[in-house]
Amino acid sequence: AFLEEKIKDINSQITTLSKAQSEANNIINTKNALALRQNELNAKNELSLNLKKLLEEQNGKTCEAEKLGQEIADIKAFLSDYSIREAERRKLSEATNNLNEDKKILEQSIEKRSTSKARTDELSEELRKLENAGEQRARLELSKAEAVTRMSGITELQSVIAQLEKLTAEREKTEEKYRLSRENASAAETQYIHIRNAFLDAQAGFIALTLEDGVPCRVCGSVHHPSPAQMPDDAPTQEQLENAEESMKNAREAQERVSKEAAEIKEKCESREARITELAKQLDITAEMHSVKSAAQAAMKETQQLMAQLDRDICEEDGRIARKKELSLLSEEIRKEEAALQELVSELEKRIAAGEIQIKAHNQNISALSEKLLYPTL
């Protein structure tokens with residue numbers, strides 16, 4: 001029983017020791033756990049400190065966030081101003097480009113106006129020189145008409161001179177022809193008289209053959225015939241006498257015809273000479289008949305030169321008239337162009353002045369917006 005008690009006691013002790021061991025183990029475990037927890041606690045304390053610090057930082061950031069939120073709200077409130085400023089800048093750029101373009105056009109227009117003014121002055125000076133253009137044309141036309149009339153008169157004079165030359169040549173031939181016809185008529189008459197006398201002589205010889213003393217002569221009635229005519233050996237016949245008479249008659253008719261022809265030619269020559277004298281007087285050509293041809297040629301050459309000069313003068317005058325008309329139209333066009341340019345210059349000056357005001361206003365708006373905006377760009 002003692003042993004049992006002892007065993008029981010030992011077992012009780014063992015149990016107690018086991019419990020103590022278990023408790024010790026638990027304590028150790030707890031200690032270990034506590035150490036672990038202490039470590040955890042330390043870590044947590046450190047974390048807590050960090051969290052506290054982070055919280056403090058977060059609280060600070062919350063203020064900053066609130067501040068940033070307000071700043072964002074402020075920025076958002078100005079976002080439209082950036083768009084407005086950008087629109088102002090576009091308007092400024094457009095206005096600047098328009099202003100530069102207007103200034104460029106204005107400069108060109110002023111230069112054109114200056115050039116146009118100089119051209120107008122040139123045209124005015126040229127028009128001044130052409131002021132009397134056309135005034136001389138009537139006189140030139142009259143002079144040309146007179147020259148044409150004179151040319152016609154000289155042409156007629158030369159024609160009459162040529163006719164006279166031809167007639168003079170014919171007259172000389174006709175006079176020679178008349179001289180020959182007169183000689184032929186004279187020779188034919190002489191021949192006829194010779195043949196007639198020979199024929200009459202032959203007739204006397206024939207009568208003498210029939211004479212008898214105491215018988216009266218049939219011609220003179222004498223009854224005595226102391227020297228009767230002898231019958232010639234070559235006595236012409238009646239036919240020969242008639243032929244000679246016919247030849248004489250024909251020669252005289254030919255002489256008359258040539259004489260009449262010569263008279264007609266002479267009359268024509270005198271008529272032409274009278275006409276030449278008349279024309280020369282009308283044309284103020286002073287020359288003898290033998291030199292009137294060369295005088296007419298000289299007058300013709302002089303008149304042709306005058307007509308050529310008059311044609312040139314008329315052509316030049318027509319050119320002056322046409323140029324005056326052209327210049328008048330051109331001057332009118334340039335005046336209209338100058339008026340349009342002046343109107344454009346005035347309009348451009350107004351637009352430039354308004355553009356400069358616009359640019360100034362845009363710059364002021366941009367400056368005002370830039371001053372209140374937080375950041376330089378959107």
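Q: Which residue forms a salt bridge with Asp102?

A: Arg351 does, with the closest N and O atoms 2.6 Å apart. A salt bridge here is a side-chain nitrogen of Lys or Arg within 4 Å of a carboxyl oxygen of Asp or Glu. Arg351 sits in helix α4 (residues 292-372) and Asp102 in helix α1, so the pair ties together parts that are 249 residues apart in sequence.

Q: What should I know about the model and the numbering?

A: The model is predicted: local features need pLDDT of at least 70, side-chain atom pairs count only at pLDDT 80 or more, and totals for chains, interfaces and linings use all residues. Residues are numbered from 1 along each chain as its sequence is written, and side-chain values use heavy atoms, with hydrogens and water left out.

Q: Back to that pair: is Asp102 buried or exposed?

A: Asp102 counts as buried, at 8% relative accessibility. Buried means under 20% relative accessible area, exposed over 50%, and partly exposed in between (1.4 Å probe, protein chains only). Arg351 counts as partly exposed, at 36%.

Q: What does Asp102 touch?

A: Leu348, Arg351 and Ile352, not counting residues up to four places away in sequence. Contact means heavy atoms within 4.5 Å.

Q: OK, zooming out. How many helices and strands are there?

A: Four helices and zero strands. Helices (H or I, at least four residues) and strands (E, at least two) are DSSP runs, numbered from the N terminus.

Q: And how many of the contacts join residues at least 24 apart?

A: 87%, among contacts between residues at least 6 apart in sequence.

Q: How many residues does α3 have, and what does it reach?

A: Helix α3 (residues 238-282) has 45 residues and reaches 65 Å from its first C-alpha to its last. That is close to the 66 Å expected at 1.5 Å a residue, where the expected span is 1.5 Å times one less than the number of residues.

Q: Which residues in α3 are buried?

A: Among them are Leu241, Met248, Val258, Ile265 and Cys269. Just after α3, Asp284 takes a positive phi of about 55°.

Q: Which residue does Glu261 meet in a salt bridge?

A: Lys177, at 3.9 Å, N to O. Glu261 is in helix α3 and Lys177 in helix α2 (residues 137-209), 84 residues apart.

Q: Where do Glu183 and Arg179 lie?

A: Both lie in helix α2, four residues apart, about one turn of the helix. Glu183 forms a salt bridge with Arg179, and the closest N and O atoms are 2.6 Å apart.
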